[in-house]
Amino acid sequence: MKWWPLYGLKKKWTERRTYESPVAVGRIPGSRFRRSLFVYVIDVGSSNALNFEIDALEAPQYNIHRFGIYMTDSPRHADVLLILGRPVKAMISPLRETIDQIPRPFGIIILDDCTDNPVGLNDTELLNVIAEVKGVPDPSQLLGMLLECLRVNGK
Amino acid sequence: MNILIGVLQKEENEYLVVLKEGKACLVASESETTGKEYLNYQILKEHNLLIKGEPVSGYGVFRFRYGPVTSGLREAGSFSLYTYGEKILHTTIDLNWKHRQMEQSMTGQKPDDAVKLSEKVCSNFAVSHSVACSLALENALGIRANTLVRNWRTLLMEAERVYNHLHVIYKLASAAAQKVLASHLGALFEESLRINKALSGSRYLMGINQINHINNLPALDTIRKTIKDYQGIIFQFEKLYKHSLSNPNFLDRLHHAGMLSREQASSLGLSRPSLRACGLEDNLNGATGEHLIALPVVTQQEGDALARMETRAEELVNSCQYLIDHLKVSDIWEGYNVADMAVKPEGEGLGISHSPSGAVGYYVVIKNNRVSYLRMFTPSYPGMHAVSEALKDQVFTDFPFVYDSFGVHFTDAAC
Amino acid sequence: MIQAEFWLAVILFLLGAFLASYRKVTYILAFSASLLVLLMGVAGFTFSGIFWKYTLLPGISLSLGIDRLSGVFLVMAAVVWIALALYSLDYSRLYPHKSLAAGFNVGLLGMLWILTARDGLTLMIGWEVMTVAAFVMMLASGKYFQQSFRFLAFGEFSFIFLLVGFAAMYISSGSIAFENIQTGGMLFMVFVSLGFIIKMDIVPFHGWMSGIYGEIPDTAAAILSAPVTLMGVYGLERIIPAIPNNEAWSLVLIVLGAVSAFWGGLQAVAANKVRLLPAYSTIENNGMILTAIGFYAIAKGSRDPGLHYLSLFAQAASLVLALSHTLAKTLLFMSLGHAKEAYNVHTIDEARGVWSGVGKTPALGIVIAALSFSAFPPLIGFTGEWMILETIFQSYKFPGAATAFFAAISGVLTAMAIGLISFAMIKLIGYTALGYDHGRKSQPMAKTWMRITETSLQLLIVICGIGLPAVILFFGYPELLFGLLGVPKPFALVSGDPLFGIISPTFIAIIMFILLIIPILVFMANRKSIRKVNSWNGGVPLDEQEFFTAQAYSQILEHILRKVYRTREISLGMHRRIEVEDILLRPIKSFTRLVQKLGEGEALVIMNGKISAYVTYILILFVLAFIIGVIVI
């Protein structure tokens, strides 16, 4: 039996390609996210496809760590909040609390999979929305968006 | 064996949706015998969105709430664990955070739109939901789907089974900190999603299934490539899985985590992998009860997280093989694509399909070509009850193994 | 001069006891008397000798005197008495019973007698007076006679052991004066140490305290914990090292002390009542003191010049530990009493959040006392625990395999004890002192004197820690202070000769201060905007039932060491909890039941529930024993 650290060492999963963003990404005022981007993902009412896409984004084919993109475990370490889905009524107050916990400067990216949840949140109430996507983007599109965010906000 | 998957009210009478030897039927409920015959009757009748809400009292006992916003679960749902220190005494699961009232949104829709919406109930079970929904609608409208549609539905169901089982095993490996194994499984998971896209145009096989119709049938080249890809998946997965089972650390974390006895599993109304892992055989082998060739029923004995993972691993390989064998002959099904039969403007129907985590049921009533009443019965609801049962007297470090091994989702349970 | 101070103090104490109905007067008299005792103690550094003698029988006389050791203990005790007397000015409002004030004064008088005694009989008189006075103090709560009688029974056991010991000394050497201690003999040493050990709460004689501490007023608890056990320490310091060839018995004492320390730490971890935890901490500290005394005794008794430094160091260790324990325990009980009375509760879980709920002073008192017990530098407790560990490390210098073996065992047990008591003290700091107060409101009460005394003791603990050289000089060991490694003489304390270990809490404090100032200045220079948010709990604020409990904190150790704690889970449907047990209390409990059964008949006749009857009974027995002794001679 091969030792785990040597297993699959020869196989190269990471793809070398460019990633396009489906939407333009805005600038976060006061930001200097040059070398890394910490993303906190919150699901407020998605239909689970977006959750699975985030899991797929962490697969070796995309290898997001080489770009300095990391998923955080707490909103207090986050630069960007990724909101999955349109909010269910019960999740509005936890969402507000989460946004309150993020240190400034930060940005919000909304992924809206159009599930018609009862009582959504009016978009203008959220601060610092830098991108909004309708539908379920591919992980390559998501990665493109995050790289665009790094590019726009790194100056 | 008979499995009760739902209780519904129709014109002041109560009916039970029961799977009898794999076939779905609507049975009138009798107050005295039903509770004794089906032990999960009370749970399904109340369909409480707060699962096991009774608190535990005692000196030093407190409630540790995990969720609704936590990066470990990521879905919106909360577990309230009662504990006096390390041991979990009792678990209350709150589904209200994800309750999107899908049944109400699907009511009043045209049948085609209802099928589209059913895919959004839980997108990783999109095919299962849409097949069950379309079967129910077809029954209500008096349509019998043609052979092409039925066969493709079974193939899509198995494709869904493949990527969902890969996802469960990927999650279990990450929870056990088996980084190499998890990375490889993650890569396979992403590969399987790409195969889905090649086969059907959507990574989650959404927008393909319609009432008596399959959209975007793939071309022959695509089918050949897909067959090769599935062969690759079988080869890589078997190598990986055999290697992982040689690691005692990994096995140790899963062994005896979240054990369910046979009595518990059958009394909760579980089906498919969660039930089969306890050693019980349910006769639910077809996507629509009409598999071209029956898939073997894989069972394990222990009823712990390891057993559930083993069941899924074997089912995964069987499903891949099924796909390979039947994709090879899928071009001859073109000849079976007959036109619709006459359509009734109204009626009621029941449809069942078998998602990767259990049976999905839909009951619809159609009036004036619109859905006037719809009930759905998802496998994650009894699955969440099973999670709560299995977490009893476990330690919190075993929590991810118990939860992930059932393969249930808040999106599916709360619908 | 000393004689005048002494008798004046006696008169003031007695007057205070007499005027017990006038609450404030009593305590002011006690305060003044304690002040006189303090002066006496200081005088003892220069003067040494007997200042009063009264001959009863040929060979037996009552004598009072003072020397360096007495002086040191008098000062330590007097500081605490002053603090408690002033504290009681406010505290006694809640317990206005006469018995509390009277017992307080008479108890202090008894202790004064003990510390100035120069022969066995005077010591025993003082001992008995102190025990009975403490018993009287306990009655101030007006209930729980059974546990207070158990305390009295233990007190009488210790008295009986002392009696037998001194009688043995008389038989073998014809005198019971302290200047003739070295002629005492083996029997004398064993019995007298047992008498002192019982008062020090050493395991397995710690049985009387369970059930007591929850109910008695805090000043009584403070007196029982700190000064009373200090008397046991004084007795041992006086007697044991003076006797030659004491190696075997000293080893017994060392092991007993280490086991006590470990057991005290162990049970403190599982303790949930606010006052049971400090009680077990007393057992732990006294265990360490006993171990130190044991090592001092072996080192001194061996008359080996190579062990001379170690004997000085071991004695200094026991004194520093005694000082740190006395100060910190008194402070802890005062602060806990303050918090407990303000909230009007009994368990740690209920008395949470003293900082925000009651006040900063009692909370700071709990924190500093608990840190001192956890050996947090540069407080005095840190020095004491370092010194005992260094003493045990140097036990290889003692000849003999038995010494090495038992010293190793005691080292293991002591180290574990220090770790366990840290764990328990963190529970106090984290939950009681600095925890979330759950919106509890404390009732208003008079607290000026409480605050003053708590603050002064806090300052004293910190100053004694930082000013360790002064403390060592006060104890009379200038040989232990050096100047090494850049630290000027006399700020470094060295543990062995040739050089073994060295600390300097003074410089630790200086460096800590410097390292604190710079970051604070940097922080204040880069002032960014600060935003206060709720604690992050999954997006939803914490409900009342979702707070981590103190019980859950200890449960992990209670589960790991379940064989020792006899941890059991009680589950009745949706009600579940954990129960632990102190198994060393089982013999005491069954013995209590036996005595109860046997004594019921007898009790109807003699112990008819009146205190006066019982006290009379004790005095009659005392006189009888005396007469018998005289007849025997």
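In the hairpin of E1(B) and E2(B), with two residues between the strands, B:Glu11 takes a positive phi near 50°. This is a predicted model, in which local features need pLDDT of at least 70, side-chain atom pairs count only at pLDDT 80 or more, and totals for chains, interfaces and linings use all residues. Residues are numbered from 1 along each chain as its sequence is written, chains are lettered from A and ligands numbered from 1 in the order in which they are written, and side-chain values use heavy atoms, with hydrogens and water left out.

## Exercise 1

Task: describe how strand E2 of chain B pairs with E1(B) and E3(B).

Solution. 

Step 1. Helices (H or I, at least four residues) and strands (E, at least two) are DSSP runs, numbered from the N terminus. Two strands pair if DSSP finds at least two bridges between them.

Step 2. Strand E1 (residues 2–10) of chain B runs antiparallel to E2(B), and eight bridges join them. Across this pairing, B:Lys10 stands opposite B:Asn13 in E2(B).

Step 3. E2(B) also pairs with strand E3 (residues 23–28) of chain B, in the antiparallel sense and over six bridges. Here B:Leu16 has B:Val27 in E3(B) as its bridge partner. The hairpin of E2(B) and E3(B) has two residues between the strands, and B:Glu21 takes a positive phi near 50° in it.

Step 4. Cover is read from relative accessible area: buried means under 20%, exposed over 50%, and partly exposed in between (1.4 Å probe, protein chains only). Six of the eight residues of E2(B) (residues 13–20) are buried, so by this definition the strand is mostly covered.

## Exercise 2

Task: state which strands of chain B pair with E7(B), and how many residues of E7(B) are buried.

Solution. 

Step 1. Strand E7 (residues 88–94) of chain B is mostly covered, with seven of its seven residues buried.

Step 2. Two bridges join E7(B) to strand E4 (residues 50–51) of chain B, and the two run antiparallel. B:Leu50 stands opposite B:Asp94 in E7(B).

Step 3. Strand E6 (residues 78–83) of chain B pairs with E7(B) over six bridges, in the antiparallel sense. B:Phe79 faces B:Ile93 of E7(B) as the residue opposite. The hairpin from E6(B) to E7(B) passes through four residues.

## Exercise 3

Task: give the strand order of the open sheet in chain C and name its edge strands.

Solution. 

Step 1. The sheet has three strands in the order E3-E4-E5 (chain C), with antiparallel pairing.

Step 2. Strand E3 (481–482) and strand E5 (502–503) of chain C are at the edges; each has a single partner strand, so one side of each is left without a neighbour in the sheet.

Step 3. E3(C) pairs with strand E4 (residues 492–494) of chain C over two bridges, antiparallel. C:Phe482 stands opposite C:Ala492 in E4(C).

## Exercise 4

Solution. 

Step 1. A salt bridge is a side-chain nitrogen of Lys or Arg within 4 Å of a carboxyl oxygen of Asp or Glu. Over all chains, 38 salt bridges are found.

Step 2. A:Asp55 lies in helix H1 (residues 49–57) of chain A and B:Arg74 in the loop between strand E5 (62–66) and E6 of chain B, so the pair joins two chains. A:Asp55 is buried at a relative accessible area of 5%, and B:Arg74 is buried at 13%.

Step 3. B:Lys171 is partly exposed, at 23% relative accessibility.

Step 4. B:Arg63 lies in strand E5 of chain B and C:Glu546 in the loop between H19 and helix H20 (550–560) of chain C, so the pair joins two chains. Both residues, B:Arg63 and C:Glu546, are buried.
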